[in-house]
Amino acid sequence: MAHRWTNDLSRADITPEHIYMNRRQIMAGLAGVGLAGIAGQAQASQGLTPNSWDDITNYNNFYEFGTGKEDPARYASALTTSPWTIKIDGMVDRPGEYALGDILSKMTIEERIYRFRCVEAWSMVIPWNGFELSDLLDMAGVQDSAKYVAFETLYRPDEMRGQKFSTIDWPYVEGLRLDEARHPLTIMATGLYGKDLPKQNGAPIRLVVPWKYGFKSIKSVVRITLTDRRPPTSWNKLIPREYGFYSNVNPKVDHPRWSQASERVVGGGLFSRRQDTLMFNGYESQVASLYKGMDLAKNF
Ligand code: MTE
């Protein structure tokens with residue numbers, strides 16, 4: 001497969017693994033303040049000491065396992081990730097249930113070192129392992145009529161106990177415009193830091209779109225549908241005023257309850273610096289053309 005992308009980040013930029021795995025704990029340590037307070041609470045971090053490995057893998061956002069931050073680590077082991085299939089349907093020439101093993105045997109897994117910008121106003125640099133979504137779409141043969149790609153997470157309440165509650169209208173769903181999905185930066189990730197994805201991080205396969213806020217990156221994907229209608233997305237359905245379809249990292253569009261103009265860089269010396277948030281999370285030269293002529297304050 002031809003490489004259509006080059007990396008501007010090096011291994012030296014990577015956020016240390018234990019800090020990546022630990023960031024929610026770190027952020028929560030700042031808080032008691034809720035999301036809105038985090039950006040303004042940088043000073044509070046100074047007294048934090050590094051957490052243990054147990055802490056590190058005990059703090060995640062994966063509502064299928066519960067809304068508590070420790071729920072995913074506690075309960076995600078119940079998830080069966082093998083065998084795993086992805087149903088690809090809708091406007092494709094070759095719809096069907098694709099076994100993950102078959103998909104992976106045809107893909108080149110490579111490392112992508114990407115900035116990860118959370119809507120909670122912090123950022124990191126993460127080494128993902130994965131392949132371009134576009135290559136998977138080609139396997140199924142996208143028809144000319146398709147304009148959007150819809151994604152769905154597994155619905156299996158027996159294994160995902162959070163799905164017994166109606167926090168979200170299950171299954172968790174996400175969507176991209178077809179040109180966003182086809183962009184060479186958009187990957188399906190199967191690992192991070194050179195290892196398989198931990199279950200609480202979306203095993204065995206998840207979406208990663210580096211110029212969008214982290215919540216767009218849907219975990220444990222079992223279905224991909226090509227459609228000509230803009231698909232619903234879980235966060236937009238839940239709180240439309242706060243989370244739009246596009247969810248591009250955009251310092252000029254505030255979250256209704258806090259600013260998105262800057263971010264705390266998590267890493268090295270914890271909270272060592274704050275930086276201005278870059279348009280499209282620093283990927284402006286690669287992706288700005290996708291949004292030419294659009295009012296990004298309306299299409300947030
Ligand atoms: N995908 C599913 N299926 N369920 C979820 O609850 N949470 C989202 C996103 N993908 C979520 C999901 C949110 S809010 C975030 S911030 C990222 O996953 C976090 O991914 P990470 O924990 O691997 O960084």
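Helices (H or I, at least four residues) and strands (E, at least two) are taken here as DSSP runs, numbered from the N terminus. The model is predicted.

By that numbering, Tyr-193 sits in the loop that runs between strand S7 (187-192) and S8. Its phi is positive, about 50 degrees, although Tyr-193 is not a glycine. Because buried means under 20% relative accessible area, Tyr-193 counts as buried at 14% relative accessibility. Ser-247 is another non-glycine residue with a positive phi, near 55 degrees. Ser-247 belongs to the loop between helix H8 (234-238) and strand S11 (262-265), and with a relative accessibility of 4% it also counts as buried.

Two prolines in loops follow cis peptide bonds. One of these bonds runs from Ser-82 to Pro-83, with omega near 0 degrees; Pro-83 is placed in the loop between helix H4 (71-75) and strand S1 (85-90). The other joins Ala-203 and Pro-204, where omega is about -5 degrees. Pro-204 lies in the loop between strand S8 (195-196) and strand S9 (206-208).

The ligand has 19 residues around it, of which Arg-23, Tyr-63, Glu-64, Thr-153 and Arg-206 come nearest. By class, this shell consists of 8 nonpolar, 6 polar and 5 charged residues. Helix H1 (residues 17-30) supplies the largest share, with 3 residues. Which atoms of Tyr-63 and Glu-64 lie 2.8 Å from the ligand? For Tyr-63, a backbone N or O atom lies at that distance from a ligand oxygen. For Glu-64, a polar side-chain atom lies 2.8 Å from a ligand nitrogen. The side chain of Asn-201 also takes part, with an N or O atom 3.1 Å from an oxygen of the ligand. The protein covers 97% of the 530 Å² of accessible area that the ligand has on its own.

Tyr-63 also belongs to an aromatic cluster, together with Tyr-213, Phe-215, Trp-235 and Tyr-243. The structure holds 13 aromatic pairs. One of them, between Tyr-213 and Phe-215, is stacked, at 6.5 Å centre to centre with 10 degrees between the planes. Both Tyr-213 and Phe-215 are buried.

Arginines lie over the faces of two further tyrosines. Arg-161 is over the face of Tyr-75, 3.9 Å from the ring centre. Arg-115 is placed over the face of Tyr-283, at 5.7 Å from the ring centre.

How values were computed
Residues numbered from 1 in each chain as written. Predicted model: local features only at pLDDT ≥ 70, side-chain atom pairs only at ≥ 80, totals over all residues. Heavy atoms only, no water. Near = heavy atom within 4 Å. Polar contact = N/O pair within 3.5 Å; in protein donor to acceptor, adjacent residues only side chain to side chain. Areas by Shrake-Rupley, 256 points an atom, 1.4 Å probe, with all protein chains shown as cover. Nonpolar A, V, L, I, M, F, W, Y, C, P; charged D, E, K, R; others polar. Phe/Tyr/Trp six-rings, centres within 6.5 Å; stacked < 30°, edge-to-face > 60°. Buried < 20%, exposed > 50% of the residue type's maximum accessible area, 1.4 Å probe, protein only. Lys NZ or Arg CZ within 6 Å of the ring centre and 35° of its normal.
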